[in-house]
Amino acid sequence: MLNVPTQSFPAASSQQRVATGAGESGRTKVALKPGRSLMDWIRFAKSGRDLTGLRGRLIDVTEEELQKHKTRDDCWTCIRGMVYNVSHYMEYHPGGEEELMKAAGIDGTELFDQVHRWVNYESMLKDCLVGRMAVKAITAKRAPSQKKDSISQMNGLAPPPSSLTMAPPTVRPPPSSLSLLPSAAPPPTKDARPRYDWFQTDVTVNLVVYTKRKIPSSGCTIADLQGGVLRLEVLLGKMSYMLHLRLSHEIEEGIAVQTASAVGKVQVSIRKQDKGKWTELGQPLEFHDSLLRRTDRALFYRECAVVSKTEVNYNTHVFRLQLPRGTMMHVPVGKHIYLKAFVQDSEMVKPYTPVEHSLIPGTQDPPEGTDLFLMVKI
């Protein structure tokens with residue numbers, strides 16, 4: 001599994017910089033009860049039990065509501081604008097219940113990042129997701145025409161063509177210290193926030209992201225299409241813009257990405273499984289239409305296949321990894337990725353910088369964005 005990181009590795013507070021036990025980062029590992037390992041938690045989370053207490057519903061959580069859930073048996077916490085019920089996870093937390101209770105009923109993003117920002121909490125706690133933090137409404141008297149303009153700017157979408165019945169919905173940033181534009185700040189004279197739109201033919205559906213700035217011709221877009229879910233991330237310097245949708249109809253696995261760097265446009269094309277007209281694009285998922293600092297975006301891993309291993313010398317090999325079908329990712333020169341594996345119920349993560357495929361004699365040029373080559377010392 002791999003991810004393209006944005007921060008230094010290991011982070012200053014990472015557990016990989018300190019020995020097991022209490023250290024400079026303040027992280028303490030405790031002895032867990034038998035049957036409480038990471039793999040046990042994964043099995044428990046997939047058991048079908050209602051871990052949120054909401055029977056599958058997702059809700060908007062106010063700060064007042066979040067503060068009500070701060071006991072051992074009823075513990076909610078917020079990480080990057082999303083609220084999780086971690087009551088059932090208490091016994092599985094490697095740092096112990098006491099550490100997890102420090103984030104009970106509050107925004108625990110800063111505490112989480114201090115200890116183990118690299119952990120893929122979105123995957124580990126996805127069955128504990130209660131919903132997102134509610135956005136506080138700001139009351140202001142406006143003329144009718146001004147109000148209409150304000151709504152149009154907030155949606156970030158031009159009116160859809162008459163042939164479409166629904167424009168893609170949007171999600172506003174959560175009201176926390178991580179918000180990019182504090183509510184009290186005046187709106188910019190020119191909206192520099194990316195926006196997206198979509199159109200279709202009989203056989204394809206196409207999403208277009210307008211970044212409103214010049215972008216590199218490659219290396220700024222990562223697309224994942226798995227099980228009918230599209231996750232598109234556009235890297236814009238220190239910022240990250242993401243679309244995350246469950247598509248409304250069946251599609252084929254392949255995906256094509258085109259970049260017009262001069263005008264800052266990214267187009268993703270997906271083939272429909274059946275010809276016909278879609279009346280809607282799909283259902284927005286977590287962090288859809290969000291613009292965050294790249295350091296605030298949680299890591300996302302993909303499961304890859306080892307295609308080949310070529311010996312360089314007695315203890316060094318070049319591994320060729322193939323990304324999942326439906327994933328397009330080009331890692332710019334000098335950037336690194338994380339490799340993650342589970343060894344004896346422990347999660348191991350190491351960074352590697354991809355190398356050119358020309359290091360393997362006789363290797364043909366792989367399709368753009370589908371293969372990675374890593375030089376690994378064993």
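A residue is called buried when its relative accessible area is under 20%, exposed when over 50%, and partly exposed in between, with a 1.4 Å probe and protein chains only. Helices (H or I, at least four residues) and strands (E, at least two) are DSSP runs, numbered from the N terminus. The model is predicted, and local features need pLDDT of at least 70, side-chain atom pairs count only at pLDDT 80 or more, and totals for chains, interfaces and linings use all residues. Residues are numbered from 1 along each chain as its sequence is written, and side-chain values use heavy atoms, with hydrogens and water left out.

Of its 8 residues, 8 are buried, so β10 is largely enclosed by the rest of the structure. Cover is found on both faces of β10: V229, R231, E233 and L235 are buried on one side, and L230, L232, V234 and L236 are buried on the other.

The neighbours of β10 come next. Two strands pair if DSSP finds at least two bridges between them. Strand β9 (residues 221-226) runs antiparallel to β10 and is joined to it by 6 bridges; L225 has L230 of β10 as its bridge partner. The hairpin of β9 and β10 has 2 residues between the strands, and G227 there takes a positive phi near 60°. Strand β11 (residues 239-247) also pairs with β10 in the antiparallel sense, over 8 bridges.

R80 has a phi near 50° and is found in the loop between β4 (74-79) and β5 (82-85). With a relative accessibility of 4%, R80 counts as buried. D289, which is not a glycine either, has a positive phi of about 55°. Its loop lies between β14 (282-284) and β15 (290-293), and at 3% relative accessibility D289 counts as buried.

Strand β2 runs parallel to β6 (residues 129-133), and 3 bridges join them. Within this pair, D60 has R132 of β6 as its bridge partner.

The surface carries patches, which are made of residues with over 30% relative accessible area and no salt bridge; like charges are joined within 9 Å, and nonpolar side chains (Val, Leu, Ile, Met, Phe, Trp, Tyr) within 5 Å. A salt bridge is a side-chain nitrogen of Lys or Arg within 4 Å of a carboxyl oxygen of Asp or Glu. E63, E64, D107 and E110 form a negative patch. One of these, E64, sits in helix α2 (residues 63-68) and is partly exposed, with a relative accessible area of 47%. A nonpolar patch is formed by V312, L359 and M375, which together have about 250 Å² of accessible area. Such areas come from the Shrake-Rupley method with a 1.4 Å probe. M375 belongs to strand β21 (residues 371-377) and is partly exposed, at 36% relative accessible area.

Conventions: Lys, Arg positive; Asp, Glu negative; His and termini not counted. Charge placed at Lys NZ, Arg CZ, Asp CG, Glu CD.
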